[in-house]
Structure formats: structure tokens, C-alpha cells
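Biologist: I am new to this structure and would like to learn how to read its features one at a time. Could we begin with the strands and then move on to the charged side chains?

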Amino acid sequence: MAQPLDADMFDPMCPSGALPFQIGDKWTGMVVLCLEHGRRRFSEIRVPLRAVTPKVLTQTLRAMERDGLVTRTAYDENPPRVEYDLTPLGRSLLTLIDAARTWSRQHLPELLEARAAHEAER
């Protein structure tokens with residue numbers, strides 16, 4: 001039998017609440033991948049992320065800017081032009097995203113099989 005869990009195993013001062021994205025947040029990781037090879041305009045980012053609404057993409061980009069993951073550069077032109085680029089901090093997420101993608105490729109069949117078995121039991 002496993003040892004009982006320690007009621008204090010999670011430090012109340014744990015910085016996980018300040019993480020720039022939660023594990024289930026699908027848009028931040030995808031935006032990082034869109035910006036991997038350089039700066040992009042909002043409309044360029046929307047092309048591969050066609051399922052995201054403009055509102056949600058705007059919220060995601062603002063949160064990423066707040067967290068220091070992207071820079072937003074507005075050009076004084078007519079019409080206005082805004083570009084987003086990864087910061088070094090944002091670029092550091094590429095390693096984590098690559099690891100998650102590798103894990104997903106290796107284990108997706110098992111995951112789908114488990115989901116199907118669970119649904120069949122219901």
C-alpha cells in the first residue's frame with residue numbers, strides 16, 4: 001500500500017500559479033510555434049490557428065506579452081501594423097513544447113485506446 005499523501009506536499013508559495021500557461025492551454029503553445037521562426041502579424045498567426053477566435057487570440061497574445069513571452073511592436077503607419085515576436089524567455093518554451101509533442105507522438109495511440117475503453121465502459 002502506498003504511503004498516505006502529505007497534506008502539506010504543495011507549498012502554498014509554489015510559483016505554479018504564476019506559470020504563463022496551464023497544461024491544458026492549447027493556444028499559448030501554438031502561438032509560440034507560430035513565432036518560432038520570427039516575428040508575425042496578427043493575421044499571419046491566425047492562418048494556422050483558424051479555429052481560435054480573434055478575441056481569444058488577442059487575449060492570449062496580451063497574456064503572453066504580460067508574462068514577457070512576446071514583444072508587441074506597433075508601427076506608426078496607415079493602416080496600422082502590429083507585429084509579435086518571441087522574447088528569449090518565450091523562445092525557451094520551445095524545448096518544453098518539443099518534449100510535449102514528442103511524448104504525444106509516442107503515446108497518442110495508447111491515450112486514444114484508453115479513452116475509447118473508458119467510453120465503452122460507460
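Modeller: Let us begin with a definition: two strands are said to pair if DSSP finds at least two bridges between them. Please keep in mind throughout that this is a predicted model.

Biologist: How many bridges join strand β2 to β3, and in which direction do the two strands run?

Modeller: Six bridges join β2, which covers residues 70-75, to β3, and the two strands run antiparallel. Besides the pair already named, Thr73 has Glu83 as its bridge partner in β3, while Ala74 stands opposite Val82.

Biologist: What should I keep in mind about the side chains of a strand?

Modeller: In a regular strand the side chains alternate between the two faces of the sheet. As for cover in this model, five of the six residues of β3 are buried, so this strand is largely enclosed by the rest of the structure.

Biologist: How should I read a salt bridge, and how many are there by this rule?

Modeller: The general idea is that side chains of opposite charge can pair when their charged atoms come close. By the rule used here, the count comes to six salt bridges. One of them joins the side chains of Arg39 and Glu83, at 3.6 Å from N to O. This pair links distant parts of the chain, with Arg39 in the loop between α1 (26-34) and β1 (40-41) and Glu83 in strand β3 (residues 81-86), 44 residues apart.

Biologist: Where else can I look for salt bridges?

Modeller: Arg40 forms a salt bridge with Glu44, and their closest N and O atoms are 3.5 Å apart. Arg40 counts as partly exposed at 31% relative accessibility, and Glu44 is partly exposed with a relative accessible area of 36%. Another salt bridge is formed by Arg66 and Asp67, whose closest N and O atoms are 3.0 Å apart. In that pair Arg66 counts as exposed at 61% relative accessibility, while Asp67 counts as partly exposed at 24%.

Biologist: How are aromatic pairs described, and how many does the structure hold?

Modeller: A pair of aromatic rings is described by the distance of the centres and the angle of the planes. In this structure there are zero aromatic pairs. A ring can still have a charge over it, however, and here Arg81 lies over the face of Tyr75, at 3.8 Å from the ring centre.

Biologist: Which residues make the nonpolar surface patch?

Modeller: Leu108, Leu111 and Leu112 make a nonpolar surface patch of about 240 Å². Leu112 is found in helix α5, which covers residues 93-121, and with a relative accessible area of 46% this leucine is partly exposed.

Biologist: How far apart are Gly68 and Leu89, in sequence and in space?

Modeller: Gly68 and Leu89 are 21 residues apart in sequence, and their C-alpha atoms are 6.8 Å apart in space. Gly68 has its place in the loop between α3 (54-66) and β2, where this glycine is partly exposed, with a relative accessible area of 27%.

How values were computed: Residues numbered from 1 in each chain as written. Predicted model: local features only at pLDDT ≥ 70, side-chain atom pairs only at ≥ 80, totals over all residues. Heavy atoms only, no water. Patch = residues over 30% accessible without salt bridge, like charges linked within 9 Å, V, L, I, M, F, W, Y side chains within 5 Å. Areas by Shrake-Rupley, 256 points an atom, 1.4 Å probe, with all protein chains shown as cover. Salt bridge = Lys/Arg side-chain N within 4 Å of Asp/Glu carboxyl O. Helix = DSSP H or I, 4+ residues; strand = E, 2+ residues; numbered from the N terminus. Buried < 20%, exposed > 50% of the residue type's maximum accessible area, 1.4 Å probe, protein only. Phe/Tyr/Trp six-rings, centres within 6.5 Å; stacked < 30°, edge-to-face > 60°. Lys NZ or Arg CZ within 6 Å of the ring centre and 35° of its normal.
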